[in-house]
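Thank you for asking me to look this over.

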Amino acid sequence: VALRNAEFINTKLKSDDNRLNRNYKNGKATINAFLDDYAFTIQAFIALYQATFDEKWMKEAQQLTAYSITHFYDTKSGLFFYTSDVDAALIARKMEMSDNVIPSSNSEMAKNLFLLGHYFYNNEYLDMAKRMLGTIEQQAAQQGIYYANWDILMAWFAKEPAEIAIVGNDFEVKRKEFDRHYLPDVFLSGGKTEGNLELLKGKFVAGTTTIYVCKNKTCRKPVSEVNEALIQLNIE
């Protein structure tokens, strides 16, 4: 279902320049998307990569992020406007900051930048996420209930998440074993071959499926079993 929905977005709601529409009816897409449409679509595509290791979704997430930066980002504040610069001009362009039942579009974009910054070794994205967090850090620390999504990002910056790379023919079996564990501060990547992500380069070993536990671009001794990787993560 998730893959069908993602393909629908790509084929029916996204234009060639990566602009999204937010409505589809009678075969026609209308209404230029707002920042939350981009933020949550990017998040969904990253999650699809983590669930499938199909790099197509990471590429799609990166393209939507680049479009968002071009058309929503305010260099002065370091935050994103809720409306695009291709929309009709408003008296004031608002920015959505505090989280509610649904996370704010800015907090979700900041988390997306952090994730993509790690997956693509993009320090510019990481710096943008850090600057965004800095604008609300005090409020988030004092009023956590209204900044819960920001607090996740704050935790990631406070303690660097681990990254797990799974490379080899049995990558899918190993990935599903990791899915049985709650690992909120672990970013998964992998595939049958090394793929194009920086973390995966040089990690393919012919005839076996290898698991690497990494932090700060440095990996520990490769292992072949999930329980061994969990021990390296101090999870048993």
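This is a predicted model: local features need pLDDT of at least 70, side-chain atom pairs count only at pLDDT 80 or more; totals for chains, interfaces and linings use all residues.

1. I would begin with strand β7, residues 210–215, where five of the six residues are buried, so the strand is largely enclosed by the rest of the structure. Buried is used here for a relative accessible area under 20%.

2. On the question of pairing, β7 runs antiparallel to strand β5, which spans residues 162–167, and five bridges join the two. As one example of this pairing, I166 has I211 in β7 as its bridge partner.

3. β7 is also joined to strand β8, residues 218–219, by two bridges, and here too the strands run antiparallel.

4. Turning to the helices, the axes of α2 (residues 35–52) and α4 (residues 105–119) come within 9 Å and cross at roughly 35°, and the crossing of α2 past α4 is left-handed.

5. Which residues meet where α2 and α4 are in contact? From α2 they are L35, D36, A39, F40, I42, Q43, I46, Y49 and Q50, while α4 contributes S105, N106, E108, M109, N112, L115, L116 and Y119. Sorted by class, this contact of α2 with α4 has 10 nonpolar, five polar and two charged residues.

Notes:
Residues are numbered from 1 along each chain as its sequence is written. Side-chain values use heavy atoms; hydrogens and water are left out. Buried means under 20% relative accessible area, exposed over 50%, partly exposed in between (1.4 Å probe, protein chains only). Helices (H or I, at least four residues) and strands (E, at least two) are DSSP runs, numbered from the N terminus. Two strands pair if DSSP finds at least two bridges between them. Axes are lines fitted to C-alpha atoms, for helices over the stretch in contact, and angles run from 0 to 180 degrees between N-to-C directions. A crossing is left-handed if the near helix is turned anticlockwise from the far one by less than a right angle, and right-handed if clockwise. Contact means heavy atoms within 4.5 Å. Ala, Val, Leu, Ile, Met, Phe, Trp, Tyr, Cys and Pro count as nonpolar, Asp, Glu, Lys and Arg as charged, and the others, Gly among them, as polar.
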